[in-house]
Amino acid sequence: MKRLSIFIVGVMVAVVAMSRTFDMRKLGADAKGIKPCTELINRTIEKAASEGGGTIYFPAGTYLTATIHMKSNITLHLESGAVLRFSDKFEDYLPFVTARWEGTVMQTLSPLIYAHSAENLTITGRGTLDGNGLKWWLWEFDTRKVIKENGGKLPSLNKLQQMWVDANKDLEISDYYKPSLERRMFRPPFIQFYECSNIIIENVKIINSPFWTVNPAFCDNVTIHGVTINNPSSNPKGPNTDGINPSSCRNVRISDCFISVGDDCITIKSGRDADGRKYGKACENITITNCIMLSGHGGVVIGSEMSGGVRRVAISNCVFDGTNAGIRLKASRGRGGVVEDIRVDNIVMKNIQGDAFIFDLFYDRLSKVEPVSERTPVFRNIHLSNVTGNDIKRIGYIKGIEEMPVSELSFSNMNMVAEKGFQAETATDLRFNNVSFTVQEGPSLNFRQCKEVFLNDVRSKQPVDGQPVVNIEKNVEKVTIIHCDSTQIVRK
């Protein structure tokens, strides 16, 4: 009798478990990708959420949908061979929702997959999410052209642009950003969970995003693992199709991902200018490991929208092959925010089209010196070690601003081969330990307007004839040099 009771209980548990897996094909979704199943998907999510949660399961096939709004305790599971293809009709992403777009919170078209104030969200499986972004990209190119041809203004507004204007009358925008918002309609991110917690995105393939691809905002406890992201970088290019962009998130783990996109591969952000400072929420406790980045503007980037601050970031065991930049930090006056406590270790770079390293507080080259305030961005306590690179255009540069030099930056155990070297300007407390920068043109290292520079075992495997390995200009103070070939160092 006891065994029978256990068997009955086991059957009941199995039935309950099965009842919470919703097979979309069995529920009537068209698996040929012809008839939209948006309403069915969202209705099923509502039903599952009302029962405490469940799995929305897509067996092999192609499913056409528009925006999917997830709820707490919901899993989207795409079986191998399943393709979830999203509509390219802009009106399908109405009504507007609250989203953070390029660091500014606004009312705008819904992300393709969206949730607000939810928890325990999962996207998993070996299937494909296809953002069907071509029409969005062409709209972007055409709109930019129209604005340029009309002196920086739109000559008229379409229905969606007027809706955006009406919905965002009180939006605070810096002068620097106004030209970007002149479009008045904005391509949605592919996945944005807003003010959510306990998120897992794993194993799926994501392609053809209209805009940024995986973009959690104000979220806590986010895991992105084993994800492949592929947005075209040419013919046609998917503009601004960044791979993974956590914004003002805490406790984020990104691992074992493969990313090739039309903009930055991974970017850490925390809001733009006054709007970002208003929320004042940093992006913090971030780990990025075991990832491969191919086409993209940058491998791992911090900024330029970092007004809420970025802190405690560990980047390790990654390969950048073919990106424009490797590690890039960027900000500008008016942005504010502090980027600090950053560790980069065990990185291999190859075929970098521009700079391997960028630390730029002067991203807005038109900005002027101003008193230090909440508008002043800060880069400090950043340490890079065990980096190998070759076939690189330029090793990189540091560019601080007069009122806030870049500070506490170290490079250790590096072997880089490039066409041009590294320039540090307006920085303090710079340390180079066991660094080999081999270049074809000019000095390997050049310092200008810097203080407290420490050089230990800095060298080039093939010094350029007639050029020093290290060039130190007159306005550099407090330089310590040990275990370096003094004949390869010039102080002007």
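This is a predicted model: local features need pLDDT of at least 70, side-chain atom pairs count only at pLDDT 80 or more; totals for chains, interfaces and linings use all residues.

Visitor: Which element gives the most to the lining of the largest pocket?
Guide: The pocket has a volume of about 490 Å³. Helix H3, helix H5 and strand E24 each give two or more residues to its lining. With three residues, the one that gives the most is H3.

Visitor: Which residues lie nearest the centre of the largest pocket?
Guide: The lining counts 24 residues. Nearest the centre of the pocket lie Glu102, Ser180, Asn240, Arg272 and Glu305.

Visitor: What gives the most to the lining of the second largest pocket?
Guide: About 270 Å³ of space lies in the second largest pocket. Among the 14 residues that line it, the closest to its centre are Arg394, Gly421, Phe422, Gln423 and Asn446. Strands E26 (378–399) and E27 (406–459) each give two or more residues to that lining. With nine residues, the one that gives the most is E27.

Visitor: How many residues of the lining of the second largest pocket are charged?
Guide: Four residues of this lining are nonpolar, and four are polar. The charged residues number six.

Visitor: Which helix gives the most to the lining of the largest cavity?
Guide: The structure holds two cavities of 30 Å³ or more. About 40 Å³ of space lies in the largest. Its lining includes Arg272, Asp273, Ala274 and Asp275. With three residues, the helix that gives the most is H6 (residues 273–279).

Visitor: How many charged residues are in the lining of the second largest cavity?
Guide: This cavity holds about 30 Å³ of space. Among its lining residues are Val439, Pro443, Ser460 and Gln462. By class, the lining has six nonpolar and five polar residues. The number of charged residues there is none.

Visitor: Is Ile292 buried, partly exposed or exposed?
Guide: Ile292 lies in strand E21. Together with Phe258, Val319 and Val348, Ile292 makes a nonpolar surface patch of about 280 Å². Buried means under 20% relative accessible area and exposed means over 50%. Ile292 has 37%, so the class is partly exposed.

Visitor: Where do Arg43 and Glu39 both lie?
Guide: Arg43 forms a salt bridge with Glu39, with the closest N and O atoms 3.5 Å apart. Arg43 is partly exposed at 47%, whereas Glu39 is exposed at 62%. The two are four residues apart, about one turn, and both lie in helix H2.

Visitor: How many residues apart in sequence are the parts that Lys153 and Glu182 tie together?
Guide: Lys153 and Glu182 form a salt bridge, the closest N and O atoms being 4.0 Å apart. Lys153 is in the loop between H3 and H4, and Glu182 is in the loop between H5 and E12, so the pair ties together parts whose separation in sequence is 29 residues.

Visitor: Is Glu425 buried or exposed?
Guide: Glu425 forms a salt bridge with Arg448, the closest N and O atoms being 3.4 Å apart. Arg448 is partly exposed at 26%. Glu425 has a relative accessible area of 12%, so this residue counts as buried.

Visitor: Which residues are linked in a network of salt bridges?
Guide: The count of salt bridges comes to 33. Linked in a network are Asp220, Arg250, Glu284, Arg311 and Arg312.

Methods
Residues are numbered from 1 along each chain as its sequence is written. Side-chain values use heavy atoms; hydrogens and water are left out. On a 1 Å grid over the protein atoms alone, a cavity is a set of points where a 1.4 Å probe fits but cannot get out, and a pocket is an open set with protein on both sides within 12 Å along at least five of seven lines; lining residues have an atom within 4 Å of a point. Grid points are joined across faces, edges and corners, and a volume is the space filled by probe spheres set on the points. Ala, Val, Leu, Ile, Met, Phe, Trp, Tyr, Cys and Pro count as nonpolar, Asp, Glu, Lys and Arg as charged, and the others, Gly among them, as polar. Patches are made of residues with over 30% relative accessible area and no salt bridge: like charges are joined within 9 Å, nonpolar side chains (Val, Leu, Ile, Met, Phe, Trp, Tyr) within 5 Å. Accessible areas come from the Shrake-Rupley method with a 1.4 Å probe; for residues, only the protein chains shown count as cover. A salt bridge is a side-chain nitrogen of Lys or Arg within 4 Å of a carboxyl oxygen of Asp or Glu. Buried means under 20% relative accessible area, exposed over 50%, partly exposed in between (1.4 Å probe, protein chains only).
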